[in-house]
Amino acid sequence: MHDTLEHLTQLLLDSYARIGGINYLDGKNLPSKRMIAEITLDLLRLLFPGYFDERVVHSAELRGETEARLESVRRRLENQIDKSLEYAPPPGVQTEESRPLAATLAREFLQQLPELRDLLATDVEAAYGGDPAALSPEEVMVAYPCVEAIAVQRLAHVLYERQVGLIPRIMTEWAHGRTGIDLHPGARIGSHFFIDHGTGTVVGETSRLGDHVRLYQGVGLVARSLSGGHSLRGQRRHPTLENRVTVYAGATIMGGDTIVGAGSTIGANVFLTQSVPPHSLVLNENVRIKVLAKPTHSPGPDYQI
Amino acid sequence: MHDTLEHLTQLLLDSYARIGGINYLDGKNLPSKRMIAEITLDLLRLLFPGYFDERVVHSAELRGETEARLESVRRRLENQIDKSLEYAPPPGVQTEESRPLAATLAREFLQQLPELRDLLATDVEAAYGGDPAALSPEEVMVAYPCVEAIAVQRLAHVLYERQVGLIPRIMTEWAHGRTGIDLHPGARIGSHFFIDHGTGTVVGETSRLGDHVRLYQGVGLVARSLSGGHSLRGQRRHPTLENRVTVYAGATIMGGDTIVGAGSTIGANVFLTQSVPPHSLVLNENVRIKVLAKPTHSPGPDYQI
Amino acid sequence: MHDTLEHLTQLLLDSYARIGGINYLDGKNLPSKRMIAEITLDLLRLLFPGYFDERVVHSAELRGETEARLESVRRRLENQIDKSLEYAPPPGVQTEESRPLAATLAREFLQQLPELRDLLATDVEAAYGGDPAALSPEEVMVAYPCVEAIAVQRLAHVLYERQVGLIPRIMTEWAHGRTGIDLHPGARIGSHFFIDHGTGTVVGETSRLGDHVRLYQGVGLVARSLSGGHSLRGQRRHPTLENRVTVYAGATIMGGDTIVGAGSTIGANVFLTQSVPPHSLVLNENVRIKVLAKPTHSPGPDYQI
């Protein structure tokens, strides 16, 4: 048995040595998924005090708590950004400059929080106003996964714009795992953004969304699958949705030159690969309905495809 | 640096003071998401002893364990319901009446558990009977996410019917996060309910489902997105599925006046906004198939959309 | 109150005694979901050292760590397989043979790890090469849920092929809960497999996938819902995708005799229930676009379905 174990260990070590790309040893120290998850949760607590905490926050202690949490996040985020800069230094940045740059980026990032709160307040307003099932803004806060997914995207977008590598994607992927909503940090998203239910909804890297956009579950704003590969990087690959566009469940909108005009509605399960003018309604046609003349009496459905 | 921190803290505090609706301080103490998650997990253990526990439960200790768990859940649930009643008092209920009412509601809720077990047994039976891949009822219990999602919906529905606020939605949203299945506590659902795979499946608040309904992943029973907003509250907004209806993956059925007749089958990715009679088969038509005359020899697919 | 508690406990105990199938007491000890989750996470650490660990792994300590982890996984997996064999003994295996058989199965399983790493390296390559948004293989490793979902399926498939019950499904369901990607352990999947986004994607038990297959979110490779039930077990019920097939978001491909020929592309939201020859492009037709003559000036979309 022990021989087997030693032999198997050797086979695995050989494999680690032979195949790069799926292991990361002695290399630059990547940002840590677990640390970034903890930082992101603390950022949500700073954005929405009293909602992501486990206890009620009282006004008297709010200043002290906020200051301590800000400082703790700043310090940990600086560390993670430093790892990211070491791993993928921005053009023209020398190794010895990375620590001060990380400190600046972390500080500037946190200065965006009040502005992000203004924007997120419009999202909560859109969710509350847009769903008759929502009984109060508090219900939106405690029971709508889009609040968390959108907040994390807006946070990650700030880092993405500053060209910090890996961390923004780890942040949004953390939210994707928790909510089923996959919003790329690169997407530019206007105010009053509402995603209802949201499981399976995807907003790709170069998407642009106006204000008052409303998406349902399973909606994809996606790229064509082209063989161009990495030569396409940096080009627009995902669609533009102008103001007041609603996209129903399961619709897929594809391509960097596809523009959905303001006020349009895209029906469920539509696959749209071309632009439509403002005020459009897009639907699939030709649903066929067939009724059985002689119903069966099986315990299951009468008709089997 | 410290100046910056103080300044940033002040900016955030100003923001907390300015924007209500997304923070909740010194207000009525909302039910806690974490506490409700723990209570819900204990309720699942009471419903399915031996499946959500980490150790085998022996008959000899079952009475003692069950009694202790029931009492613990009762006490914690009463506390959470009390918070909910304080936050949103039902019409005609005075503040001093809320604690006794919470106690009554918690007790009456737990008395439903045996009846819920009868109903859930029909759901497990439907899953086992309906999927050739299921090798045993035990496999259904340990590896089908619908069991947990449906159980939590049926629990939450009892509280929803008694007009307890927030808690039912926090319960089903907890299950949504774990399973990808989003069942609103308001939906009325018959026996033998089976959801296969289930990621992205949505059943809206005013849906009504008969017995032996079977849904696949990505199915939505949803409301029209109307500008009526909260004036629509309480009205039927979601469809009715009569007995023995099967809905394949990704189909969306919309609207409070849409009735899918008994025994009907709705094909994958159909968007249905009208009623269909019993024994209907509804499919999308006009799938177009085009075959390339000269295949490419690229490493990817031959055709790019 | 105490009377009520005793009475309610009795009602639940009566229910536990009356309804089998949804509780499991004093029976054979089922494999534990929690233990299998821990084992699976350790297997991911063995496959991808440095990615699922919380700290950097240095080469100097790699041999010791790998050997210790292998031995720990072997021991725990043997225990779980033993429970599985007790619960569902393979034909011709006596009770006293189950422990040695479990030991053999666990050892042989671990010997597959180097080979699985070769295969998984092709999957990471396909993801990196196939998505212009991926900036590095490291980004694929830390931020693409398909890596984890596919790795767990390939691990579970080895146990499935050796007819180990329950454990493979518990493993893939664990990954399904974390990623939204539901890959049955029975599916036979070629090299260079890429699933982008992946929430809601389902690959059924008897599916067969060639090399260089690419699926997007919400794609289902599913079975017809037939009343044959368990008589269908073991038969092909899910489709075949030949080499270099791409399936866009939300498409559903159904049936054991459905073959999608090499190099084909299936458009978003197609519902395909028949075979198509190699080099096919399959799209839904007849999307209808209607433009309002007089736009409204509501805050929402102009058109409501």
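Visitor: Hey, A:Asp257: buried or exposed?
Guide: Exposed, with a relative accessible area of 56%. Buried means under 20%, exposed over 50%, and partly exposed in between, using a 1.4 Å probe and protein chains only.

Visitor: What sort of model is this, and how are things labelled?
Guide: It's a predicted model, where local features need pLDDT of at least 70, side-chain atom pairs count only at pLDDT 80 or more, and totals for chains, interfaces and linings use all residues. Residues are numbered from 1 along each chain as its sequence is written, chains are lettered from A and ligands numbered from 1 in the order in which they are written, and side-chain values use heavy atoms, leaving out hydrogens and water.

Visitor: Which residue does A:Asp257 form a salt bridge with?
Guide: A:Arg224, with the closest N and O atoms 3.6 Å apart. A salt bridge is a side-chain nitrogen of Lys or Arg within 4 Å of a carboxyl oxygen of Asp or Glu.

Visitor: What does that A:Arg224 and A:Asp257 pair tie together?
Guide: A:Arg224 sits in the loop between β7 and β8 of chain A and A:Asp257 in the loop between β10 and β11, so the pair ties together parts 33 residues apart in sequence. Strands (E, at least two residues) and helices (H or I, at least four) are DSSP runs, numbered from the N terminus.

Visitor: How many salt bridges over all chains?
Guide: 48.
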